[in-house]
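Here is a short tour of a protein chain, from single contacts up to the whole fold. Have the viewer open and follow along.

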Amino acid sequence: MCLCRTLILLLLIVLLILGYVWWKPTAGGTNPDVLPTVLWHGMGDSCCVPISLGAIMKLIVEETKGGYVRSMEIGGNPVMDWQSGFFIHPNEQVEYVCRQLLLDERLAKGYNAIGFSQGGQFLRAVAQRCPTPPMRTLVTLGGQHQGVFGLPMCLTLSNSACDYISRLLNSVAYSEMTQHNLVQATYWHDPIMENHYRLGSTFLADINNELYLNEFYIENLHKLKKFVMVKFLNDTIVQPKESQWFQFYTSGQDKVIQPLNESKVYQNLRLMKMEKEGKLVFLGVEGDHLAISKAWFIKNIVPLLLEK
């Protein structure tokens with residue numbers, strides 16, 4: 001059994017390296033009439049593998065007739081990029097991505113951004129912390145904007161490894177060591193022990209303005225033309241799935257979902273103003289986590305990338 005898992009891991013690493021050879025982190029770039037698109041992958045994925053974000057890059061280039069696409073690769077190589085989904089603190093990743101975006105001259109006039117799963121809240125952090133270059137439209141596909149309280153499945157990890165991470169999160173999510181070494185701990189949101197979450201979370205509580213009101217974050221988030229949140233209606237990975245629409249459990253229990261407009265984060269980020277201005281867009285799609293078809297993506301997401 002151990003040998004089998006080792007072989008699977010080695011195969012995954014080989015696929016990542018081959019994906020990097022076949023697909024670079026950038027594509028397109030010849031159509032000046034279309035804003036560039038920046039992508040950020042989720043847990044257990046990487047920037048450029050042909051069967052995942054590499055295919056999305058190709059699709060966007062085709063549908064925008066040559067628009068520039070950059071898929072963020074964390075750390076400069078495919079292995080570190082995959083590891084970043086589990087073991088590199090989001091604050092470090094966001095800082096790295098902000099530097100890379102600033103250095104990319106093709107993004108100087110602005111860009112649209114698409115975040116996949118946890119890449120969604122990471123790109124929101126980019127919007128709030130790094131207003132240059134300007135992000136115009138943010139699309140999050142299955143992002144966990146209010147965090148998660150449960151980890152039923154871990155993509156590309158064995159069941160035993162996933163179980164270990166789940167036990168770790170349930171017991172010591174807010175310890176300094178866990179917060180520093182496990183990405184998922186930084187957006188683990190315990191609704192039963194809200195104070196532990198707010199004081200212990202080293203990422204999500206900050207970008208949701210739950211420690212103190214950071215006016216800089218609010219100002220930058222409100223610069224978005226649109227903030228599009230896509231929820232997978234049959235999601236078995238994100239708990240609760242309503243977090244994808246910025247909702248979460250009512251404090252003190254883990255059964256009843258609190259309406260967004262009654263939550264503290266709605267006030268703390270002044271989402272009411274964005275909602276009144278028509279900037280908040282909530283889309284629902286049938287299917288499990290990140291299970292979207294090419295046709296759905298072209299119909300619902302590509303038009304957002306082509307808006308003037």
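## Ground rules and a first residue

Two residues are in contact when heavy atoms of theirs lie within 4.5 Å. This is a predicted model, where local features need pLDDT of at least 70 and side-chain atom pairs count only at pLDDT 80 or more, while totals for chains, interfaces and linings use all residues. Residues are numbered from 1 along each chain as its sequence is written, and side-chain values use heavy atoms, with hydrogens and water left out.

Helices (H or I, at least four residues) and strands (E, at least two) are DSSP runs numbered from the N terminus. Leaving aside residues up to four places away in sequence, T37 touches I60, Y68, V69, R70, N112, I114 and L305. T37 has a relative accessible area of 2% and is therefore buried; buried means under 20% relative accessible area, exposed over 50%, and partly exposed in between (1.4 Å probe, protein chains only).

## The sheet

Which strands make up the open sheet, and in what order? Seven of them do, running β1-β3-β2-β4-β5-β6-β9 with mixed pairing. Strands count as paired if DSSP finds at least two bridges between them. The edges belong to β1 (26-27) and β9 (280-285), each having a single partner strand, so one side of each has no neighbour in the sheet.

Within the sheet, β4 and β5 run parallel and are joined by five bridges.

Helix α4 lies across β2, β3 and β4, at about 160 degrees to β2.

The 14 residues of α4 reach 20 Å from first C-alpha to last, close to the 20 Å expected, where the expected span is 1.5 Å times one less than the number of residues. Its buried residues are P90, Q93, V94, Y96, V97, C98 and L101, and they pack against β2, α3 (78-87), β4 (111-116) and α5.

In α5 (residues 118-129), the end C-alpha atoms are 17 Å apart, which agrees with the 16 Å that its 12 residues should span. How many residues of α5 are buried? The count is 12 of 12, and they include F122, L123 and V126 as well as R124 and R129.

## Two disulfides

With a disulfide taken as a pair of cysteine sulfur atoms within 2.5 Å, the count comes to two. C47 and C48 form one, with sulfur atoms 2.1 Å apart; this link is left-handed, at -95 degrees about the S-S bond. Both C47 and C48 are buried.

The other joins C98 to C130, S to S 2.0 Å, and is right-handed, with 95 degrees about the S-S bond. C98 lies in helix α4 (residues 90-103) and C130 in the loop between α5 and β5 (135-141), so the pair ties together parts 32 residues apart in sequence. Both C98 and C130 are buried.

## The whole chain

Stepping back, the chain has 14 helices and nine strands. Of its 308 residues, 55% are buried. Among contacts between residues at least 6 apart in sequence, 73% join residues at least 24 apart.

Technical notes:
Axes are lines fitted to C-alpha atoms, for helices over the stretch in contact, and angles run from 0 to 180 degrees between N-to-C directions.
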